[in-house]
Structure formats: C-alpha cells, structure tokens
Amino acid sequence: MPDLNPYKTAYERERKARVLAEKLLDEKTRTLYDKCQELEETLNSLEQMQEHLIQSEKMASIGQLAAGVAHEINNPVGYALCNLSILQEYIQAFIKLDTHMKNQPSSDKKHSYHTLRDSEDIDYIIEDIAPLMEGTLKGLHRIDDIVSNLKKVSHGGELTKKKCNVNSLIDESLKVVWNQIKYSMAIKKDFSDLPLLNCHESKIHQVLINMFVNASHACGTEGALLVKTTLECINEEQFIVIEITDNGKGMSKVTLMKIFDPFFTTKPVGVGTGLGLSISFGIITKHGGNIQVTSKEGKGTSFFIHLPV
Ligand SMILES: Nc1ncnc2c1ncn2[C@@H]1O[C@H](COP(=O)(O)OP(=O)(O)OP(=O)(O)O)[C@@H](O)[C@H]1O
Ligand SMILES: [Mg+2]
C-alpha cells in the first residue's frame with residue numbers, strides 16, 4: 001500500500017535531492033582540487049622554465065661578450081708571452097757579460113765598470129730579475145688560462161660528438177682529480193646500466209672534473225662524495241641523470257642564485273676563477289640537458305645533471 005503521508009514523501013524527496021547535491025558538490029570539489037593542483041604544477045614548471053630562459057639569455061649575451069673580450073685579449077697576451085721568453089734569454093746573455101767583466105784582472109776600465117755597476121745597483125737588479133720575470137710570466141699564463149676558458153663559455157662545443165659510456169666518463173674524470181681528493185674524500189659510486197650517450201666527451205669530462213673539484217673544495221678532511229647515475233623517463237623522454245652529492249659546507253640562498261654566473265666565486269684569488277659552473281651550464285645546455293642543484297648550509301650540496309639520450 002502506497003505511503004500517503006505527504007510530509008514523509010516530501011522529506012524523502014528532499015533527502016534524496018540533498019544526497020545528490022552533496023555528491024555533486026563532492027565531485028565538483030574534487031575536480032576543482034585536481035585543477036588547482038594541475039595549475040600549481042604548471043605554475044611551478046613555468047617558473048622553472050622562466051628561470052632557465054633567463055639564465056640561457058644571460059649566458060648567451062655574456063657568451064658573446066666573452067668571445068669578443070677573449071678574442072681581443074688573446075693576441076696581445078700571445079705576443080707578450082712570446083716576447084718575455086725571448087727577453088729572458090737576452091737577460092741571461094747580459095748577466096753572462098756582466099759576470100765576465102766583473103771577473104777581469106784589475107785595470108782602469110774595470111774600475112770604471114765597477115763604479116758604474118755599483119751606481120746602477122746591478123747586483124740588486126740581477127737578483128730581482130728572476131722573480132720579476134717569473135711573476136710576470138705566471139700572470140700572463142693565468143690570463144691565457146682565463147681567456148681560453150672564456151672561449152669555452154662562448155662556444156661550448158665545436159668538436160664532433162661520439163657515443164660514450166657515461167659511467168666510464170665519470171670513472172675517468174675521477175681518476176684525473178684522484179690525487180687532489182683521495183686524502184680528503186671518501187667516494188661512493190652507485191652506477192646504473194645506461195645506454196650510450198652521443199656527446200662531446202672532453203666537454204662532459206670538463207663538467208664532471210669541475211663538479212668534483214668544487215665538491216672537494218667544499219668539504220673538509222672528512223668529505224664524502226656520492227656519484228650516482230640513473231636512467232629516468234621525464235615527459236616520455238629518456239634522460240641520463242648524474243647525481244653528485246657532497247657533505248661539504250653547502251651554500252646560502254644568495255650564493256645559490258649566482259653560482260652559474262661567470263666569474264662568481266667564493267674562493268680566494270688564485271684558487272677559483274668562478275668560470276667552472278658557467279662553462280658547465282653552457283656545455284650541458286648545448287647537449288640539450290640541464291643542471292639542477294639543491295644545497296643546505298652546513299649539510300652539503302647535490303648537483304643533478306640531466307642529459308637526454
Ligand atoms: N659543491 C659545492 N659546495 C659548495 N659550494 C659550491 C659547490 N660547487 C660550487 N660552489 C660555489 O659556487 C661557486 C662557483 O663555482 P665555479 O665552479 O663556477 O667556480 P669556482 O670553483 O669558484 O672557480 P673555477 O671553477 O673557475 O676554478 C664556488 O666558488 C662556490 O662558492
Ligand atoms: Mg669550480
């Protein structure tokens with residue numbers, strides 16, 4: 001028998017409608033939440049992309065500038081170096097002549113020679129020549145180094161590419177810096193099987209060596225270095241990821257923002273030129289990859305190099 005209580009029927013109808021509305025609201029809230037999440041992700045990736053673009057743009061203009069400067073400096077440094085080494089030989093000849101004259105049996109000529117020699121303070125000059133030349137040559141060689149590094153910043157890959165095993169590249173690079181880090185760092189390797197990478201071998205070496213040296217500089221005598229390789233699939237593209245983690249002094253947020261800038265260094269004069277990471281950035285970008293970094297002051301730093309296969 002049908003229930004004829006109109007109140008109950010109305011109540012039931014309303015209850016059903018409410019359940020339906022709640023369900024609908026729940027669904028809408030969920031969709032909204034998903035959309036929000038999606039938006040947040042898009043914003044994040046856009047921010048990352050923007051950062052990357054700004055960095056690339058900055059590198060491109062700095063690269064052009066660097067190429068110009070390097071070209072300008074290269075020639076004068078070249079002939080200054082060349083002239084100085086010839087001058088070094090000439091000076092040796094004068095010193096030989098002086099020694100010869102000094103040791104001649106006494107005569108009037110010798111007397112006047114000695115008087116002039118003393119008044120010109122030749123003994124002091126001869127003593128001073130060697131360190132003077134050495135210092136000048138050292139300075140010029142350093143300029144030479146900086147210029148050739150600048151050139152690398154500006155055109156990071158002219159050699160031909162070849163198929164390389166990234167794990168072997170890492171091993172070879174570690175061997176190069178082994179002497180410098182063997183007493184201060186324990187090295188742990190965690191390699192995955194990787195496909196061969198078509199790359200500029202020497203350039204990748206350069207990136208790795210700089211990262212390892214940086215890590216050793218950041219660590220005291222109790223350093224620990226982890227070098228890990230993995231194969232990752234990001235947005236349907238395969239990447240070889242090289243992780244280089246140290247337990248060194250880490251970096252502040254301000255330092256972290258500048259590390260890829262050419263000439264940015266926190267190291268004393270003569271230790272770092274501040275070009276390592278900007279060159280590395282150029283090299284990895286030219287390979288279609290990217291470098292990410294996380295760091296905590298007092299705890300350590302991790303670099304992640306992504307290279308598309
Ligand atoms: N693993 C690390 N831990 C802490 N700080 C680091 C690390 N790697 C780089 N840095 C910081 O980034 C700066 C820039 O590094 P980059 O390799 O470009 O130059 P550099 O090492 O100072 O000099 P160069 O490499 O030209 O000899 C360093 O001076 C240092 O302050
Ligand atoms: Mg460096």
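Helices (DSSP runs of H or I with at least four residues) and strands (DSSP runs of E with at least two) are numbered from the N terminus. The model is predicted, so that local features need pLDDT of at least 70 and side-chain atom pairs count only at pLDDT 80 or more, whereas totals for chains, interfaces and linings use all residues. Residues are numbered from 1 along each chain as its sequence is written, and chains are lettered from A and ligands numbered from 1 in the order in which they are written.

**View 1. The order of elements along the protein chain.** The protein chain has seven helices and seven strands, and from the N terminus on they run α-α-α-β-α-β-β-α-β-β-α-α-β-β.

**View 2. Helix H4, its length and its bend.** Helix H4 covers residues 166-181, and its 16 residues should span 22 Å at 1.5 Å a residue, which agrees with the 21 Å between its end C-alpha atoms; the expected span is 1.5 Å times one less than the number of residues. At Lys 175, H4 bends by about 40 degrees, where the bend is the angle between axes fitted to the seven residues ending there and the seven starting there.

**View 3. The buried residues of H4 and what covers them.** Val 166, Leu 169, Ile 170 and Ser 173 of H4 are buried, meaning that 20 or more other C-beta atoms, placed from the backbone, lie within 10 Å of a residue's own. An α-helix has 3.6 residues a turn, so residues three or four places apart point the same way. The cover over the buried residues of H4 includes strand S1 (162-164), strand S3 (197-199) and helix H5 (201-218), together with strand S4 (223-234) and strand S5 (237-246).

Note on methods: A residue is buried if 20 or more other C-beta atoms lie within 10 Å of its own, exposed if 12 or fewer, and partly exposed in between; C-beta atoms are placed from the backbone. Two residues are in contact if their C-beta atoms, placed from the backbone, lie within 7 Å.
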